Amino acid sequence: MTDPFFWIGTALFAVSAVICLVAAATTRYPGDAAILSVAAVELFLVIFGVAAGVRQAGGEAVRGEPWEFWGYLITALVLPIAAFWWAILDKSRWSNVVLAAVPITVFVMLFRMEQIWNGAF
């Protein structure tokens, strides 16, 4: 059974990817909407991490390897920050493509974190 966080994240990441891809197709620079959508991905990951920490501290065990789960989460937290700096430093259409890669990549990582948490390998 999947967590509600997974479905909320999936919807958020899909919206963010569409916004970034539309920005890549229509603008020559990273737009505010694309940057803010990636910031929303980062905010989701922070909330997800806090909730996972609370769940684990409350006695709910990660069925897979905890170090793997937390490694995925930390890596996922770094990606939006790196893409943000890329977009700030490189004011080209390609920055929007880099921003679009973040929610897609983080979705795959969230899917894997869900598998690790629930023990489905």
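1. Glu-42 is buried but takes part in no salt bridge, and the nearest side chain of opposite charge, Arg-55, is 18 Å away. The model is a predicted one, and this point deserves a look with that in mind. Glu-42 is placed in helix α2. Apart from neighbours within four places in sequence, its contacts are Ala-76, Leu-77, Pro-80 and Ile-81.

2. Since Asp-3 belongs to the segment before α1 and Arg-55 to helix α2, the pair ties together parts that are 52 residues apart in sequence. Arg-55 also forms a salt bridge with Glu-60, at 2.7 Å from N to O. Asp-3 is buried, with a relative accessible area of 13%, whereas Arg-55 is partly exposed at 22% and Glu-60 is partly exposed at 36%.

3. The whole structure holds 3 salt bridges. One of them joins Arg-112 and Glu-68, with the closest N and O atoms 3.2 Å apart. Arg-112 lies in helix α4 and Glu-68 in helix α3, so this pair ties together parts that are 44 residues apart in sequence. Arg-112 is buried, with a relative accessible area of 18%, and Glu-68 counts as buried at 19%; the cut-off for buried is under 20%.

4. The largest nonpolar core contains 27 residues, and those with the most contacts inside it are Leu-45, Phe-48, Phe-69, Leu-99, Val-106 and Leu-110. Two or more residues come from each of α1 (4-26), α2 (32-57), α3 (66-89) and α4 (93-118). Helix α4 gives the most, with 9 residues. Not counting residues up to four places away in sequence, Val-106 touches Phe-13, Val-41, Leu-45, Ala-76 and Leu-79.

5. Ala-52, in helix α2, is buried, with a relative accessible area of 3%. Leaving aside neighbours within four places in sequence, Ala-52 is in contact with Phe-69, Trp-70 and Trp-117. Ala-52 and Ala-34 are 18 residues apart in sequence and 27 Å apart in space, from C-alpha to C-alpha.

6. In soluble globular proteins, nonpolar side chains tend to be buried together. Phe-84, placed in helix α3, is partly exposed, with a relative accessible area of 33%.

Methods: Residues are numbered from 1 along each chain as its sequence is written. This is a predicted model: local features need pLDDT of at least 70, side-chain atom pairs count only at pLDDT 80 or more; totals for chains, interfaces and linings use all residues. Side-chain values use heavy atoms; hydrogens and water are left out. A nonpolar core is a set of buried Ala, Val, Leu, Ile, Met, Phe, Trp, Tyr and Cys residues joined through side-chain atoms within 4.5 Å. Buried means under 20% relative accessible area, exposed over 50%, partly exposed in between (1.4 Å probe, protein chains only). Helices (H or I, at least four residues) and strands (E, at least two) are DSSP runs, numbered from the N terminus. Contact means heavy atoms within 4.5 Å. Lys and Arg count as positive and Asp and Glu as negative; His and the chain ends are not counted. A salt bridge is a side-chain nitrogen of Lys or Arg within 4 Å of a carboxyl oxygen of Asp or Glu.
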